[in-house]
Structure formats: structure tokens, C-alpha cells
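Open the model in your viewer and keep the sequence panel beside it. Select each stop as it comes up.

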Amino acid sequence: MSVATIVLVACDDADPSAPPAGSEAVSFTTADGVEIDGRLFGDPGSSAGVVLAHMQPADQTSWYGFAETLADEGYRALTFNFRGYCPGGEAGCSGGETDQAQLWQDVEAAAGFLRSKGVPRIGVIGASMGGTAALVAASQPGSRIGSAATLSAPMSIGALTVTPEQLSSTGAAKLFVAGNGDAVAAEAAQQLYDLSIPPKRVEIFPSEDHGTDLLEGNQGPNVRQLLLRWLAQFLPEAPAGDESSS
């Protein structure tokens, strides 16, 4: 009985947001001078990398589990806290004020940081607010983001908006995912799909989960497999240093 009690207490004390073994704390600076804290996963020799952008009011820890999955699949993965998000401790603390209109710059800087680490081909996956920011970043002139996937992303949240003009000019492969029980998000996913140019796909799962909760809910295995298949199609493995698909 006493042994069982000790085990239960140990489990209760475990910190689910603790940084996974093998990952490393990193920081980088946006074009407008904001210091962003993040965490880097995976083999330094990976030729393809994925930026993971969190939803509101979460932080980078919401992506840790899937970042480990991506690392196991051979990708370099980067989680980060948006500007003004400061969970603290080992979870990191980004500088600046919470300014939704500028969040796309954080995504852009994260992609640039991965490239500075020798990763030539970049994809982005964003949850809710992070998905909107990912789409805006991918639409910027000269963007080298090759794939943008979203989980429950709206077209607009606060001062952050992805416009029809941006969607219709973004050449990155685009995947829009939502749950049918999250009606507003499902409608937004279809709208984003309709306004985008190929390559594109929309997938509505039988779920009420939102954002990164889709990765852990009743459709979690299916959502994770869809994202991995999407990346394998549009961000396939290539020899390190090969920038032909960047």
C-alpha cells in the first residue's frame, strides 16, 4: 500500500510542461527587435524543419509532444512563445507586448532561425491564432515557407487577419484542419480553403476539440497521421544541404 501511494504522489508531482529530454532552449530576434524564446528538437543534420506556432492562451509547451513526434520522424522542430507570452522557468519567456497584428513576424523569425541552423526547407503548423499567423507569414513576399498547416485557425483574431488577397497569392501548400463540433473553426477552415490557391486541402474531423487539443482528443491519432502524411508529401526528406525544394 505504501509503495502504491509513493508512485501516485510521484505521478501527481510530474510537470507535463517540463522540456523533453534531448531538446534545447534557444532564442532569436524578430525583424522588429523582439526577443523570442523557443525550444529546438531533432537531429541537427535534418534537411527539413517545422515551426510550431501555439494558440491563445497556450504557450510553446502545448506543442512539446508533437515536436517529439516530428523529431522521431527525422524533422528539426521548433516550438516558441509568441511575443508577450512568458510562461516562465524552463518553458521560456518571450519579450515584448502581446501584439496580435505582429505575430506573423514571430513565425517568420522562427523560420529564419531554422534556416540559420542549416535547415533549408521549412514548414509551419499553427494552432488557432498560431495558424492565422502562419498563413500571414507564408504570404509575405519572398517567403520560403514551403508548407503551412492550420488547426482550427480563424481568418481573423483581434488585429491579426489573413486577407483573401494573401491567400490567393500564397504558393505554399496549405492544409486546413478543424473539428465539426467546433462550428466556427470548421466554417473558417472551409472559407480559408475556398479562398486559397492549390496545393490545398481541408479536413473536417468528427471532434469538438480546438487547436492543439485536436492532437490529443478523440481524433488525435488521425490528426497526427494526417499532418505527418502532409509533411511527407510537401516537405519530403532530402540530402542535407539540398536547397532545391526550399
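The tour below starts with the whole chain and then moves from stop to stop.

**Before you start**

This is a predicted model: local features need pLDDT of at least 70, side-chain atom pairs count only at pLDDT 80 or more, and totals for chains, interfaces and linings use all residues. Residues are numbered from 1 along each chain as its sequence is written, and side-chain values use heavy atoms, with hydrogens and water left out.

**Stop 1: the whole chain**

Show the protein chain as a cartoon. Its secondary structure comes to seven helices and ten strands. Both are DSSP runs, numbered from the N terminus: helices are H or I with at least four residues, strands are E with at least two.

The protein chain exposes about 10400 Å², an area from the Shrake-Rupley method with a 1.4 Å probe. Carbon and sulfur atoms supply 51% of that area. Of the 246 residues, 50% count as buried. Buried means under 20% relative accessible area, exposed means over 50%, and partly exposed is in between (1.4 Å probe, protein chains only).

Next, think about contacts, meaning heavy atoms within 4.5 Å. Take those in the protein chain with a separation of 6 or more: residues 24 or more positions apart account for 72% of them.

**Stop 2: helix α2**

Select residues 64-72, which form helix α2. Which residues of α2 are buried? They are Y64, F66, A67 and L70. Look down the axis of α2: its buried residues fall within an arc of 160°, so they line one face of the helix. The arc is that of the directions from the helix axis to the C-beta atoms.

**Stop 3: S94**

Move to the loop between β4 and α3 (103-116), where S94 lies. Is S94 buried or exposed? S94 is buried, with a relative accessible area of 4%.

Show its side chain and look for polar contacts (pairs of N or O atoms within 3.5 Å; within protein, one must be able to donate a hydrogen and the other to accept it, and residues adjacent in sequence count only if both atoms are side-chain atoms). The side chain of S94 reaches the backbone oxygen of N81 at 2.6 Å. A polar atom of that side chain also lies 3.0 Å from the backbone nitrogen of D37. Not counting residues up to four places away in sequence, S94 touches several others, including E35, F82 and Y85.

**Stop 4: the disulfide**

Select C86 and C93, which a disulfide joins, S to S 1.9 Å. A disulfide is counted as a pair of cysteine sulfur atoms within 2.5 Å. By this rule the count comes to one. The torsion about the S-S bond is about -105°, so this disulfide is left-handed. C86 is partly exposed at 46% relative accessible area; C93 is partly exposed too, at 36%.

**Stop 5: backbone details**

Go to P57, in the loop between β3 and α2. The peptide bond from Q56 to P57 is cis, with omega near 10°. Another cis peptide bond joins P198 and P199, with omega about -5°.

Finish at S152, in the loop between β6 (145-151) and β7 (156-157). Its phi is positive, near 60°, in a residue other than glycine. S152 is buried, with a relative accessible area of 1%.
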